[in-house]
Amino acid sequence: MRSQRQVVDYSLQKRAVLREVHSGRVGTYEVCDASPYLKNAARFHGEPTEALCPVCRRENLTHVHYIYGDELKQSAGQARTRAELSVLAMTLREFQVYVVEVCRGCDWNHLVEQYLLGRDGVSGDDAASTAGASSGGAAVAATATANGTSVRRRREARR
């Protein structure tokens, strides 16, 4: 993704959960609890990976990308493919992406990472021209120089 920012990685939390499962302190029934909606999202919108499931070690994991943001309205909370994320990142100002890994065999699921996407993350002249070209005026981006440094201001439009 070209404007991916504010990335939060949950690999340490995943390792801690797996350590508890493999030591026997936590049962697999507690961590292998993917909902039917998540399993369907993995089937229809997920992207297969080469990594084996850390619990059953039989099937490859699938990554599902969920999107949330004010501009999405009814689309918030839906699963999207990476190709759709690229298109949305060029058209929307900002939205949050949550990546969940799912094993379709044993129902293991865990949040892998979250990050922001959207036009607001594009720097330089591209951001000013993109924000200025947007219709509706949700936000106006302006670049000013103060003491030789570039300062970016954002003004919310009045509703």
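View 1. Gln96 lies in strand β5, helices (H or I, at least four residues) and strands (E, at least two) being DSSP runs numbered from the N terminus. The side chain of Gln96 reaches the backbone oxygen of Tyr115 at 3.5 Å; a polar contact is a pair of N or O atoms within 3.5 Å, of which, within protein, one must be able to donate a hydrogen and the other to accept it, and residues adjacent in sequence count only if both atoms are side-chain atoms. Leaving out residues up to four places away in sequence, Gln96 touches Tyr66, Ile67, Tyr68, Gln114, Tyr115 and Leu116, contact meaning heavy atoms within 4.5 Å. Residues are numbered from 1 along each chain as its sequence is written, and side-chain values use heavy atoms, with hydrogens and water left out. As this is a predicted model, local features need pLDDT of at least 70 and side-chain atom pairs count only at pLDDT 80 or more, whereas totals for chains, interfaces and linings use all residues.

View 2. Gln114, which is placed in strand β6, counts as buried at 15% relative accessibility. The side chains of Gln114 and Tyr10 are joined by a polar contact of 2.8 Å. Beyond its neighbours within four places in sequence, Gln114 is in contact with Gln6, Val7, Val8, Tyr10, Gln96, Val97 and Tyr98. Although Gln114 and Arg5 are 109 residues apart along the chain, their C-alpha atoms are separated by 9.3 Å.

**View 3. Strand β5 between its pairing partners β3 and β6.** Two strands pair if DSSP finds at least two bridges between them. Strand β5 (residues 95-102) pairs with β3 in the antiparallel sense over seven bridges, and β5 pairs with β6, also in the antiparallel sense, over eight bridges. In the hairpin of β5 and β6, six residues lie between the strands, and Asp107 takes a positive phi near 75°.

**View 4. Strand β3 and its pairing with β2 and β4.** Strand β3 (residues 60-68) pairs with strand β2 (residues 47-52) in the antiparallel sense over three bridges, and the bridge partner of Leu52 in β3 is Asn60. Strand β4 (residues 79-80) runs antiparallel to β3 and is joined to β3 by two bridges, with Ala79 in β4 as the bridge partner of Tyr66.

**View 5. The buried side of helix α4.** Helix α4 (residues 82-91) has Leu85, Leu88 and Ala89 as its buried residues. They cover an arc of only 105° around the axis and therefore lie on the same side of α4, the arc being that of the directions from the helix axis to the C-beta atoms. These buried residues of α4 pack against β3, β4, β5 and β6 (109-117).

**View 6. Cysteines without a disulfide.** A disulfide is a covalent bond between the sulfur atoms of two cysteines; here it is taken as a pair of cysteine sulfur atoms within 2.5 Å, and by this rule the count comes to zero. Cys56 is in no disulfide, the nearest cysteine sulfur, that of Cys103, being 3.7 Å away. The sulfur of Cys103 in turn is 3.7 Å from the closest cysteine sulfur, in Cys53, which is too far for a bond. Cys56 is buried, with a relative accessible area of 16%, and Cys103 counts as buried at 0% relative accessibility.

**View 7. The whole protein, for orientation.** The protein has five helices and eight strands, which follow the pattern β-α-α-α-β-β-β-α-β-β-α-β-β along the sequence. Of its 159 residues, 35% are buried, and among contacts between residues at least 6 apart in sequence, 56% join residues at least 24 apart. The accessible surface comes to about 10000 Å², of which 48% belongs to carbon and sulfur atoms; accessible areas come from the Shrake-Rupley method with a 1.4 Å probe, and for residues only the protein chains shown count as cover.

How values were computed
Buried means under 20% relative accessible area, exposed over 50%, partly exposed in between (1.4 Å probe, protein chains only).
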